[in-house]
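Notebook open, structure loaded. I'm jotting down what I looked up, entry by entry.

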Amino acid sequence: MSGMGELSEERIGRLKASALARIDAVADDLFSISDWMYENPELGLQERGAVEKLTALLEQHGATVERGIAGLETAFRARFDAPVHEPTVAILAEYDALPEVGHGCGHNVIATSAIGAGIALSAIQAELPGAAIVLGCPAEESAVPDAGGKIPLVEQGYFDDVDAAVMIHPGTVDLVPTDSSLVAYGLLFEFHGKPAHAAAAPHDGINALDAVIQTFNGISALRQQLRPDVRVHGVITHGGTAPNVIPPYTAARFRVRAADPIYAREVVDKVVRCAEAGALAAGARLEWRQYIKPYQNMIPSHTVADVIARNMREIGMEVSQRQREGSGSTDFGNVSHVVPAAQATLRICGEEAGWHSKEVAASTITSDGHQAIVRGAKILALTAIDLLCRPEALRAAQDEHDRTAAPVRARLQEIAAVGD
C-alpha cells in the first residue's frame, strides 16, 4: 500500500465535486443500459449483451478493458490511466438475472452504478493517490452450474493487488449492512433407476423418482434437528418423462446454508446421507457433486462501511440503523475473506414487492430505480476517493481485516482437514 500521500480536505472536496458532476452527466447513458438489461435479462455466464454495453461505455470514457478474465467469458477488469497504481480500490459489478423473473435482484442497478462510479473516477484518476478499477463479476445468482463468478477471480489472484472492495445492492431500505451472510453449498443429486411400463410391469422397474421424493422427505425430517440459522432448499430439475414410464433417471439441486462454516459442512454431510437413504430405499444408484463452489460467509469491514455511510449522508441520504431481517448468501463473501469489503443497500421498492420477484425487476426501471443508480454511482465514487486519499482509512480497514478474517481462514483450514 503506497501512493502520493494524504491530500488536503479542500483538494478532496474538489475531486468529489468533479466525480459527482461526471455522474450526473452520464446518468442517461446509465439508465439506458439498465433499462436494456431489464428488457433483455441474461442468466449467469451468458451475460454477453450486458457486458458488451457496459464495457463499451467504460472504453468510451477512457478505460482499458480486459475481457474474459479468470477463464470466464463474461468477466472483465477495467483500468484507467493513472500515475500511481497503489493503493487500489475495486468497484464490483454484477449483471446476471434470474430464470423467469429477470432482474428480480436488481443486478442491472448494481452494474450501472459500478460503471458510473468508474467513469467518474476516470475523469480524476490522474489526481488520485492510487487507482480505481471496475471488476465485472458474472453469475452471482446460483441459477446456473458453476455460478459464483467472484470465486475464480479470488482464486486466480485478481484481488491480490486490491486494498478494498466496494459495491452497492438494491433493496427495500437505505442502509449499510454490517451483519454476516450465510455460507452456501450447492449440491446436485442424480438418481439412476430402471425403466419399465408403469401399468403392465412396474415391478420390473426401479423408480428413480421415488428416490428423489424420499430424499426430500428425509431432508424435511432432518430440519427439526438443525440449528435455527440453517436453510436447506431444493428443486427437482428432472422428474421423469411420462407418467406411464417408471422414471429411470431423476435429478435435484439443493442449496445448504448456515452461519457457521464448520457446521455448514456438517449439514452437507447430513443432507448427502438423506440422498443416500432415498436411493437405498428405492434401489436406485446415486451420483452427487457440488455444482457450485461454496459461497463463504460475509466478513463486513466496519471501517469501509463507515466510509460508505458517511458518503451516503454526504449526498443527502438518511441511513437506516436497523439491520436486515434474515440473510442470504453471496460470493461477495469470498471476496471479504481476502480484502476489506463492504456494500450499501439502496431502496428501489417497498417490502411488499418481496424479493427475487418480477415486481422488484419492474422497480429497477422506475424513477426510484434510476435514482438508486445515480446514488449508487456517487456513493461508490466518493467512497473510493476517501479510501485512496486518506491512508489512515485503508490502514484501519486492513488492521480490522487482519483481526476478523484470520480466525475465519483458520476455521476454513479446519474444514479442509475434516474433509480430508
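Predicted model: local features only at pLDDT ≥ 70, side-chain atom pairs only at ≥ 80, totals over all residues.

**Salt bridges.** I started with a network of salt bridges that links E9, K16, E314, D386 and R390. My cut-off for a salt bridge is a side-chain nitrogen of Lys or Arg within 4 Å of a carboxyl oxygen of Asp or Glu. Residues are numbered from 1 along each chain as its sequence is written, and side-chain values use heavy atoms, with hydrogens and water left out.

Helices here are DSSP runs of H or I with at least four residues, strands are runs of E with at least two, and both are numbered from the N terminus. R390 counts as buried because its relative accessibility is 14%; buried means under 20% relative accessible area, exposed over 50%, partly exposed in between, with a 1.4 Å probe and protein chains only.

Next I checked D386, which forms a salt bridge with K16 at 3.0 Å between the closest N and O atoms. That pair also links distant parts of the chain, from helix α10 (D386) to helix α1 (K16), 370 residues apart. D386 and K16 are both buried.

How many salt bridges are there by this rule? I get 16.

**Cysteines.** I looked for disulfides (a pair of cysteine sulfur atoms within 2.5 Å) and found zero.

**S122.** I found S122 in helix α3 (residues 107-122). Is S122 buried or exposed? Buried, since its relative accessible area is 18%. I count a polar contact as a pair of N or O atoms within 3.5 Å; within protein, one must be able to donate a hydrogen and the other to accept it, and residues adjacent in sequence count only if both atoms are side-chain atoms. The S122 side chain reaches the backbone oxygen of I119 at 2.6 Å and the backbone oxygen of H61 at 3.4 Å. Leaving aside neighbours within four places in sequence, S122 is in contact (heavy atoms within 4.5 Å) with R22, H61 and F80.

**Helix α2.** I checked the length of α2 (residues 48-60): its 13 residues should span 18 Å, and the end C-alpha atoms are 18 Å apart, which agrees. The expected span is 1.5 Å times one less than the number of residues. Its buried residues are G49, A50, V51, L54, T55, L57 and L58. What covers them includes α1 (9-39), β1 (64-67), β2 (76-79) and α3. G62, with a positive phi near 95°, follows α2.

**Helix α6.** Last entry: at the N-terminal end of α6, D260 is the cap, with a side-chain oxygen 3.0 Å from the backbone nitrogen of I262. G283 follows α6, and its phi is positive, near 80°.
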